[in-house]
Amino acid sequence: MSAELVAEVGPLWQERHQAVLTARPRRRAVGSGAKYKLVFVDRLLATLVHLRHGATHDVLACWFGVDRSTITSAISEVRPLLAQRGCTVTTDIRLRSLAEVIEHLGANGRTGIIDGTEIRGRRPAVGRKDREKFISGKNKQNAVKSMVVTDAEGRLLFCSPAEPASCADITHARKLGLVKLLADAPAVEILADAGYQGLGAQTGGRVVTPPHRKFKKNPPEWYEEMHERQRKAHSSRRIRVEHGIGHLKNWRALARHHGRREHMSDIIQAVAGLPSHQQTATVASSLRT
């Protein structure tokens, strides 16, 4: 996995670096002058360690023997490249957008599962006009929200850019164009929780949410048993999405974010396309050697 990651991201980083060097007038030839103290492999390693363990730039600077600004620059260069990779389904299929995910699920007759997840972040500065947007009504804290899509086995297929936590799950799904994508795509089943109730009617039943309770007061005993059986059957299928979310939250960068909120979308999509946290130690050790 480490060799594949280096082979894939390395040329992209080199291409971007060369574009920066040739984009401005120069008195000396490209390639002259001081060389990088931190080669690309170490830049990639520093980014992975930062995302996985939440190590600060100061600590990484001591580890690699460079200035803190060098680590900051390295992470800001590599992280967007990781975010562009998308989620790998097989060796020849990689999904980078929600449209590609819906097309993949429809073409293969697979079931998708969606859910929203919140990531706690810093509180916006006093006086910022949209400060209240980041307060989560569910967790009563400042956070951003993303929509996660997995297949029926819990394999991560897509993680959306971040929205302020006050945005409802169903509103977020509509902003991402889920209703239109499902209308235009082949028949595909999408499982969701009660936060997405209403999408089923808008998508011709393609979004399946928990069953409604028809009797609010004094329900018959037979109905209570039937409703509970249907609810558990739906929950047992939908729970797989929590495994995909657990994969994301095992990366410290998404357990709680201490940096700038503007970087959250890049971080979320970068982590979504990376290997599971169990593989990270192997990747890091092989990169270091």
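A salt bridge is taken here as a side-chain nitrogen of Lys or Arg within 4 Å of a carboxyl oxygen of Asp or Glu. In this predicted model, the side chains of Glu-8 and Arg-94 form such a pair, with an N to O distance of 2.2 Å. Glu-8 belongs to helix α1 (residues 2-22) and Arg-94 to strand β2 (residues 93-95), so the contact ties together parts that are 86 residues apart in sequence. Both partners are partly exposed: the relative accessible area is 26% for Glu-8 and 24% for Arg-94. The two residues are also linked with Arg-85 in a network of salt bridges.

Across the whole structure, 14 salt bridges were found. Another of them joins the side chains of Asp-169 and Lys-145, at 3.1 Å from N to O. Asp-169 lies in helix α6 (residues 169-175) and Lys-145 in strand β4 (residues 143-151), so this pair connects parts that are 24 residues apart in sequence. Asp-169 counts as buried at 16% relative accessibility, and Lys-145 is likewise buried, at 8%.

Arg-231 is partly exposed, with a relative accessible area of 34%, and Glu-228 is partly exposed at 28%.

Cysteine pairing was examined next. The structure contains zero disulfides. For Cys-159, the closest cysteine sulfur is that of Cys-87, at a distance of 7.7 Å. A disulfide requires the two sulfur atoms to be within 2.5 Å, and the Cys-159 and Cys-87 sulfurs are therefore too far apart for a bond. Cys-167 is in no disulfide either, as the nearest cysteine sulfur, that of Cys-159, is 14 Å away. Cys-159 is buried, with a relative accessible area of 4%; Cys-167 also counts as buried, at 10%.

The unreviewed UniProt entry annotates residues 114-274 as "domain: DDE Tnp4". Over this range the chain is 37% helix and 17% strand.

How values were computed. Residues are numbered from 1 along each chain as its sequence is written. This is a predicted model: local features need pLDDT of at least 70, side-chain atom pairs count only at pLDDT 80 or more; totals for chains, interfaces and linings use all residues. Side-chain values use heavy atoms; hydrogens and water are left out. UniProt positions are given in the numbering used here, feature names are shortened, and annotations may be inferred rather than shown by experiment. Helices (H or I, at least four residues) and strands (E, at least two) are DSSP runs, numbered from the N terminus. Buried means under 20% relative accessible area, exposed over 50%, partly exposed in between (1.4 Å probe, protein chains only).
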